[in-house]
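Let's take a quick tour of this protein, starting with its overall surface and then moving on to a few spots along the chain.

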Amino acid sequence: MNRTLNLLAALVALGGCVDAKETPKAPPPPEVSVVTVHQTSVPVVAELPGRTSAYLVARVRARVDGIALKREFTPPPALTA
């Protein structure tokens, strides 16, 4: 039985050497691309996330009780960002 296992192991080992005569094929050359570079100006932009808080807070309160019936002043133009 031991002799049969040795013979079987030798046949398996020799069977693996049959294809050893073939030389490995060289891999194909890698594909590359070409890019043309030109000089141009690019604006520098920085977008930074964050929160703001008021430095001072003003509370506007009426000095008298009642309802305002009309505005006697022209408000300043609104600021746009």
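## The surface overall

Accessible areas here come from the Shrake-Rupley method, run with a 1.4 Å probe. On that basis, the accessible surface of the protein comes to about 10000 Å², and carbon and sulfur atoms own 61% of it. Keep in mind that you're looking at a predicted model.

How many of the 81 residues of the protein count as buried, as a percentage? The figure is 0%. Buried, in this report, means under 20% relative accessible area.

## The helix and its nonpolar patch

As for secondary structure, the protein has 1 helix and 0 strands. Helix α1 covers residues 2-15, and V12 is part of that helix.

V12 also shows up in a nonpolar surface patch, which it makes together with L5 and L8. Is V12 itself buried or exposed? V12 has a relative accessible area of 59%, and the cut-off for exposed is over 50%, so V12 counts as exposed.

## A salt bridge

The count of salt bridges comes to 1. Which residue does K70 pair with? Its partner is E72, and the closest N and O atoms of the two are 3.4 Å apart.

Terms used:
Residues numbered from 1 in each chain as written. Predicted model: local features only at pLDDT ≥ 70, side-chain atom pairs only at ≥ 80, totals over all residues. Heavy atoms only, no water. Patch = residues over 30% accessible without salt bridge, like charges linked within 9 Å, V, L, I, M, F, W, Y side chains within 5 Å. Salt bridge = Lys/Arg side-chain N within 4 Å of Asp/Glu carboxyl O. Helix = DSSP H or I, 4+ residues; strand = E, 2+ residues; numbered from the N terminus. Buried < 20%, exposed > 50% of the residue type's maximum accessible area, 1.4 Å probe, protein only.
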